[in-house]
Amino acid sequence: MKYSNKTAVRIIEMIEQDLFGISEICKIVNINPKTFYDWKKTRPDFNEAVDDAITRREEVMIASARIGLKQLLEGYIQKKEKVSYVCDKNDPVNDVEKCRIVEKKFCPPSIRAIKYVLDREERKRDKDRLQASEGHPLVIEVQDEETRRQLMILKENGFRPGGSLNPEIVAAVDKELEEESRMRSEERKTKSEEPEVKSEQGQVMEQPPAIQPSAAPVEKPKPNPYPFLPPGYTSRTD
């Protein structure tokens, strides 16, 4: 079918009003749904207008939802009118209003709506904390290997329950644990051999003892050439 601006405008209006689906709109404007999607592909202006109409429709729906949620959180007054009619004496064909009764009822806040808002806020805080801690890895200390294995299965399954029922996930976690156990065993073996190697290296690299500096020679006292004289006296010829 040939593109028609009049038909396109009508389609856009009905999409924005959100009264009908695409198939129902096509029936109303008397076109095939295939024609509608062909126009979207071949007519960029029509495609853009449809997207804009959907965006405006969603904005109106979100605004209405916020108003309704606000009423549920704060409570609201519900009005109920009851009108009775009687025959018009001057005009038997038509009726005239006899009386109108307006009933007002206060609807208290909805516990369900309050819980929804609180849960949403809690999820938002959890998301913010997760984003803030992305640079810091999560550390969980466990007391036994089985608890650690179950946490690894939970992580492998994207932190969703039911991972222990998936044989592929369980096999992958068990393989990782076996690899870690083998590496720890090799590391312990290396550490146990390390002191012997050091002792051998110590013998090879043993340094000779440091040479102590020799003491200064002690001068011997000169013999007294005059042993027959008392100490402190010398001959006149000296």
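Predicted model: local features only at pLDDT ≥ 70, side-chain atom pairs only at ≥ 80, totals over all residues.
## Overall make-up

Let's start with the parts list: there are 7 helices and 2 strands in the protein. Going along the sequence, the order reads α-α-α-α-β-β-α-α-α.

The protein has 238 residues, and 13% of them count as buried. As for contacts with a separation of 6 or more, 45% come from residues 24 or more positions apart.

## How confident is the model?

The average pLDDT of the protein is 80, and 77% of the residues reach at least 70.

One stretch to treat separately is residues 197–202, where pLDDT stays under 50. The model gives this stretch 0 contacts beyond four places in sequence.

## Helix α1 against helix α4

Now for the helix pair. Helix α1 covers residues 5–17 and helix α4 covers residues 44–74. The two pack with their axes 8 Å apart, at an angle of about 20°. Angles under 35 degrees count as roughly parallel, so α1 is roughly parallel to α4. As for handedness, α1 and α4 make a right-handed crossing.

Which residues of α1 and α4 meet? From α1 come Ala8, Ile11, Ile12, Ile15 and Glu16. On the α4 side they meet Phe46, Ala49, Val50, Ala53, Ile54, Arg56 and Arg57. Sorted by type, the residues of this α1 and α4 contact comprise 9 nonpolar and 3 charged, with no polar ones. Glu16 in α1 is one of the residues at this meeting, as are Arg56 and Arg57 in α4.

How values were computed: Residues numbered from 1 in each chain as written. Heavy atoms only, no water. pLDDT = per-residue confidence, 0-100. Contact = heavy atoms within 4.5 Å. Axes fitted to C-alpha atoms, helices over the stretch in contact; angles between N-to-C directions. Helix = DSSP H or I, 4+ residues; strand = E, 2+ residues; numbered from the N terminus. Parallel < 35°, antiparallel > 145°, perpendicular 65-115°, else oblique. Left-handed = near helix turned anticlockwise from the far one by under 90°. Nonpolar A, V, L, I, M, F, W, Y, C, P; charged D, E, K, R; others polar. Buried < 20%, exposed > 50% of the residue type's maximum accessible area, 1.4 Å probe, protein only.
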